[in-house]
Amino acid sequence: MKLTILTDNQAAPGLACEHGFAVLIETGGKRILFDTGQLGAFDANCRALGIDLSDIDIIVLSHGHYDHTGNLADVLRIADRATLYLHPSALVERYSIRNGKPKPIDMPEAAKQAIDELPKERIVWVSEPTRLTDGVFLTGPVPRQTTFEDTGGPFFFDPDGKTPDPIEDDLSLWIEKPEGLTVLAGCCHSGIVNTLDYIESITGQKRIATLIGGMHLSAASPERLDRTVASLAERDIARLIPCHCTGEAAAERFSKELPYPVEAGYAGMVVELGKK
């Protein structure tokens with residue numbers, strides 16, 4: 001079983017980087033694509049790494065933002081037998097508003113149209129914890145229980161900023177192995193502490209072999225960052241691989257303050273699961 005990062009904000013020499021995220025999971029004869037990046041880095045890296053998308057079995061959208069769904073239309077066309085898993089709210093219109101300027105951040109129209117044209121049997125709408133294949137699961141919407149976590153930015157359903165977007169469609173994935181769970185997050189707009197607490201409540205498993213993905217802490221308040229570091233430090237985690245939107249300040253603190261190995265993720269990184 002292995003994970004290969006196909007798109008990230010950082011990249012190995014010879015590969016392309018962009019503000020986006022995509023990971024290929026290979027397990028038990030199944031190939032699962034978790035998100036599809038933003039722009040051309042995804043396609044360029046798939047070609048450079050020799051990744052054949054035509055035999056993808058499952059496509060998962062962690063949520064409906066453009067930097068995770070940018071190549072979805074092409075992927076659905078190439079992987080013409082794959083089943084798509086997403087939350088219904090992934091399709092909604094949404095904006096970020098900074099300095100009074102709204103920016104559309106929902107998935108591209110081509111992706112929405114491709115989903116609309118997909119046969120019903122190839123779509124699974126995820127509204128609760130869901131099994132993808134043997135040992136691989138999606139959280140469904142994550143309960144927001146902590147007082148210090150938020151969605152990580154000024155997100156709204158409208159360009160006037162009147163209706164906040166809770167990003168209900170935020171999903172994370174976990175893989176069950178004898179040595180512990182591997183938890184994969186896209187942006188973790190639900191909060192990484194909320195997400196880990198929820199997965200633990202479902203599985204009863206406290207041991208995390210690998211925690212990998214985006215954690216959207218780039219704009220975190222000092223209190224949120226302090227409490228996130230404190231919570232992660234108390235957990236039974238073997239290794240942490242921050243990616244994408246985690247933010248340099250958060251990643252640096254993780255590296256300095258957490259009592260286990262922290263290694264920055266990048267496009268081209270291969271994570272072997274089940275190996276010490």
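Helices (H or I, at least four residues) and strands (E, at least two) are DSSP runs, numbered from the N terminus. On that basis the chain has seven helices and 16 strands. This is a predicted model: local features need pLDDT of at least 70, side-chain atom pairs count only at pLDDT 80 or more, and totals for chains, interfaces and linings use all residues. Residues are numbered from 1 along each chain as its sequence is written, and side-chain values use heavy atoms, with hydrogens and water left out.

**Overall fold**

- The chain has 276 residues, for which a compact globule would have a radius of gyration near 19 Å; the value here is 17 Å, which agrees. The radius is taken over C-alpha atoms, and the globule rule is 2.2 Å times the number of residues to the power 0.38.
- Along its principal axes, the C-alpha trace spans about 50 × 45 × 40 Å.
- Of the 276 residues, 55% count as buried. Buried means under 20% relative accessible area, exposed over 50%, and partly exposed in between (1.4 Å probe, protein chains only).
- Among contacts (heavy atoms within 4.5 Å) with a separation of 6 or more, 71% come from residues 24 or more positions apart.

**Helix pair α6 and α7**

- Helix α6 covers residues 222-233 and helix α7 covers residues 248-257; their axes come within 11 Å and cross at roughly 40°. Axes are lines fitted to C-alpha atoms, for helices over the stretch in contact, and angles run from 0 to 180 degrees between N-to-C directions.
- The crossing of α6 and α7 is right-handed. A crossing is left-handed if the near helix is turned anticlockwise from the far one by less than a right angle, and right-handed if clockwise.
- From α6, the contact draws on L225, D226, T228, V229 and L232; from α7, on A250, R253, F254 and E257. These residues divide into five nonpolar, one polar and three charged. Ala, Val, Leu, Ile, Met, Phe, Trp, Tyr, Cys and Pro count as nonpolar, Asp, Glu, Lys and Arg as charged, and the others, Gly among them, as polar.
- K256 also sits in α7. K256 counts as exposed because its relative accessibility is 64%.

- Most residues other than glycine have a negative phi.
- C188 is not a glycine, yet has a positive phi of about 55°. C188 lies in the loop between β13 (180-185) and α5 (192-203). At 0% relative accessibility, C188 is buried.
- H244 also has a positive phi, of about 50°, and is not a glycine. H244 belongs to the loop between β15 (240-243) and α7. With 9% relative accessibility, H244 is buried.

- R94 is in the loop between β5 (83-86) and β6 (95-98). R94 counts as buried because its relative accessible area is 1%.
- Beyond neighbours within four places in sequence, the contacts of R94 include G64, H65, K103, D106, F156, D165 and D169.
- R94 and G37 are 57 residues apart along the chain, with 18 Å between their C-alpha atoms.
- P102 is in strand β7 (residues 101-104). Its 40% relative accessibility makes P102 partly exposed.
- Leaving aside neighbours within four places, P102 contacts Y95, S96, I97 and P159. The C-alpha atoms of P102 and D160 are separated by 7.4 Å, across 58 residues of chain.

**L196 in α5**

- L196 is found in helix α5. L196 counts as buried, with 3% relative accessibility.
- Outside four places in sequence, L196 is in contact with V183, I208, L211, L232 and R235. Of these, L232 is also one of the α6 residues that meet α7.
- L196 and W174 are 22 residues apart in sequence and 9.8 Å apart in space, C-alpha to C-alpha.
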